[in-house]
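Reader: I would like to learn how to read a few features of a protein model. Please take them one at a time, with the general idea before the case.

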Amino acid sequence: MSSLEVTKNNLAIENLEEIYDVLANAIDSAPKHKRELFLVKLALLNANALNDKEDFIAMIHQASVFED
């Protein structure tokens, strides 16, 4: 599965870079003991916005792959 296979619309690289920066700052700003909760809440909000259970589950699997 390619890294963009499960997405319906691809954002421009500069938009992804801005999202990365905002997300990284939000994670860093969250108290350490609340960071996992923040990420779960964000994921559920995005799942709701996507409104496609199968696509979101595929994205979870895709994000779970870590290469060395």
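Reader: Is asparagine 51 buried or exposed?

Author: A residue counts as exposed when its relative accessible area is over 50%. Asparagine 51 has a relative accessible area of 67%, so it is exposed. This is a predicted model, and the value is computed from it.

Reader: Where does asparagine 51 lie, and what is its phi?

Author: Most residues other than glycine have a negative phi. Asparagine 51 is not a glycine, yet its phi is positive, at about 60 degrees. The residue sits in the loop that joins α2 to α3.

Reader: What caps the N-terminal end of α3?

Author: Aspartate 52 does, with a side-chain oxygen 3.2 Å from the backbone nitrogen of glutamate 54.

Reader: How many salt bridges are there in the whole structure, and which side chains meet in a salt bridge?

Author: The criterion is a side-chain nitrogen of Lys or Arg within 4 Å of a carboxyl oxygen of Asp or Glu. A search of the whole structure turns up one. Lysine 53 and glutamate 54 meet through their side chains at 3.5 Å, N to O. Both residues are exposed.

Reader: Which residues of α3 are buried?

Author: Buried is the label for a relative accessible area under 20%. In α3, which runs over residues 53–63, the buried residues are Asp55, Phe56 and Ala58. Seen down the helix axis they fall within an arc of 160 degrees, so they line one face of α3.

Reader: What covers the buried residues of α3, and which exposed residues are on the face turned away?

Author: The cover includes α2, residues 35–50. The face turned away from the buried side carries Lys53, Glu54 and His61, which are exposed.

Reader: Which residues make the nonpolar surface patch?

Author: Leu11, Ile13, Leu16 and Ile19 make a patch of about 360 Å². One of them, isoleucine 13, belongs to helix α1, which covers residues 13–29. Isoleucine 13 has a relative accessible area of 54%, so it too passes the cut-off and is exposed.

Reader: How many helices and strands are in the chain, and what share of its residues is buried?

Author: The chain has three helices and zero strands, in the order α-α-α along the sequence. Of its 68 residues, 9% count as buried. The chain exposes about 6100 Å², and carbon and sulfur atoms supply 58% of that area.

Key:
Residues numbered from 1 in each chain as written. Predicted model: local features only at pLDDT ≥ 70, side-chain atom pairs only at ≥ 80, totals over all residues. Heavy atoms only, no water. Buried < 20%, exposed > 50% of the residue type's maximum accessible area, 1.4 Å probe, protein only. Helix = DSSP H or I, 4+ residues; strand = E, 2+ residues; numbered from the N terminus. Arc of directions from axis to C-beta. Contact = heavy atoms within 4.5 Å. Polar contact = N/O pair within 3.5 Å; in protein donor to acceptor, adjacent residues only side chain to side chain. Patch = residues over 30% accessible without salt bridge, like charges linked within 9 Å, V, L, I, M, F, W, Y side chains within 5 Å. Areas by Shrake-Rupley, 256 points an atom, 1.4 Å probe, with all protein chains shown as cover.
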